[in-house]
Amino acid sequence: MIYPKIPLAQSILEIFLAKGITNIIISPGSRNAPLTIGFASNPAFQCYSIADERSAGFFALGIAQQTKKPVALVCTSGSALLNYYPAFAEAFYSQIPLVVLSADRPQNKIDIGDGQTIRQENVFQNHSLYNANLVEGDSPENDQKITEAINYSTINKGPVHINAPFEEPLYETLNELSIKVTTSAIANATPTVELLIDTEFATIWNSSKKKLVLVGVNDPNVIDTSIVEFLANDPSVVVMTETTSNLHHPSFINNIDTIITPFSPSEFEIFQPEIVVTFGGMVVSKRIKAALRKYQPKHHWHIDSLRAYNTYGCLTEHFKISPNVFFSHFIPLVEPIESDYFAIFESINQLRK
């Protein structure tokens, strides 16, 4: 096996391997040569060479979206790093795990007029879950920062940035490792799940005759069939979905704009729900967002284990669990209520068709 001689590069390689990050997208350069040598020389890593960093960023994003695991992006120093920003921001808002690994010059080479240098530390700060600014050499602190960055990306589903300074010579190699990674640094973190459902929310649900369930971006087949049937068979519930929701049932409304665009103010008042329940990622439809901002529900519950956006200006509760876990505990608390809410919108749906 061939290893880069630089100790910091060896630490990065060993921790990535231990944490199971094996899809590596490399954009060619000189400053990142120690990483390129190390990743490409180890058959445990699946390496892809993509010269254009902007394209590489979205290529990595696609792999991470499909595998649900962090994918590494590796680039040289300087403005090459900035070309990752479009994909980085997309990963942040779409909750996709991504690890940007940038090679850098040592700090004493920054802002002295040296070529291919920019201020790389914290360059993605506004959209990064974690920024690991490493120092030269082999240190437990570096190991800890690298591991924490990977853990943040894995558990919190988003992008992180690891900035690694390398001094020349960059291309020297060894036949065996010269470092030992701190054992405690590569321990796997286990996410905690809080279950925060009580009878107060069931009481609100059971006394409301107009409930709208609005579903954003979801992976296929992630919502249990029993939950789909529960929502589809409640006369007080209207379910609206977008194409990106990957959630289907004959009673669900998947043409939101077609339904609500012709509404008069009085029809919007009939439409105005008492409760809006949302899960999944962001919603595209501008019309439904405008409608719910103007005709706000009394309650907006968002179900997501990580985060909730106050998209409609009326968020009242964030359940930090998955929709499947939420509904599996919530459905037994539900009591039937008479309502014509679904019937009204089913007739409108048929009329529009």
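This is a predicted model: local features need pLDDT of at least 70, side-chain atom pairs count only at pLDDT 80 or more; totals for chains, interfaces and linings use all residues.
How many bridges join strand β6 to β7, and in which sense do the two strands run? Hello everyone, let's start there. There are 3 bridges between strand β6, residues 131–133, and β7, and the two strands run parallel.

Is β7 itself enclosed or open? Of its 7 residues, 159–165, 7 are buried, so the strand is largely enclosed by the rest of the structure. In β7, Pro159, His161, Asn163 and Pro165 point one way. Val160, Ile162 and Ala164 point the other way, and both sets are buried.

The cavity count, for 30 Å³ or more, comes to 1. The largest cavity holds about 50 Å³ of space. Which residues line this largest cavity? They are Met1, Ile2, Tyr3, Leu13, Glu14, Leu17, Gly38, Asn42 and Phe45. Helix α1, residues 7–18, gives the largest share of that lining, with 3 residues. By class, the lining has 6 nonpolar, 2 polar and 1 charged residues.

My last topic is salt bridges. How many does a search of the whole structure find? The search finds 5, and I'll show you some of them.

One of them joins Glu168 and Arg31, with the closest N and O atoms 3.4 Å apart. This pair links distant parts of the chain, 137 residues apart. Glu168 sits in the loop between β7 and β8, while Arg31 sits in the loop between β2 and α2. Are these two partners buried or exposed? Glu168 is exposed, at a relative accessible area of 52%. Arg31, on the other hand, counts as buried, because its relative accessibility is 5% and the cut-off for buried is under 20%.

Next, find Lys68 and Asp219, whose side chains meet in a salt bridge at 2.6 Å, N to O. Lys68 is in the loop between α3 and β4, and Asp219 is in the loop between β9 and α7, so this pair ties together parts that lie 151 residues apart in sequence. Lys68 is partly exposed, with a relative accessible area of 40%. Asp219 is partly exposed as well, with 34%.

Finally, Arg287 and Asp257 also form a salt bridge through their side chains, at 3.8 Å, N to O. What parts does this pair tie together? Arg287 belongs to helix α10, residues 286–294, and Asp257 to helix α8, residues 256–260, so parts 30 residues apart in sequence are tied together. Arg287 is partly exposed, with a relative accessible area of 44%, and Asp257 counts as partly exposed at 29%.

Key:
Residues are numbered from 1 along each chain as its sequence is written. Side-chain values use heavy atoms; hydrogens and water are left out. Buried means under 20% relative accessible area, exposed over 50%, partly exposed in between (1.4 Å probe, protein chains only). Helices (H or I, at least four residues) and strands (E, at least two) are DSSP runs, numbered from the N terminus. Two strands pair if DSSP finds at least two bridges between them. On a 1 Å grid over the protein atoms alone, a cavity is a set of points where a 1.4 Å probe fits but cannot get out, and a pocket is an open set with protein on both sides within 12 Å along at least five of seven lines; lining residues have an atom within 4 Å of a point. Grid points are joined across faces, edges and corners, and a volume is the space filled by probe spheres set on the points. Ala, Val, Leu, Ile, Met, Phe, Trp, Tyr, Cys and Pro count as nonpolar, Asp, Glu, Lys and Arg as charged, and the others, Gly among them, as polar. A salt bridge is a side-chain nitrogen of Lys or Arg within 4 Å of a carboxyl oxygen of Asp or Glu.
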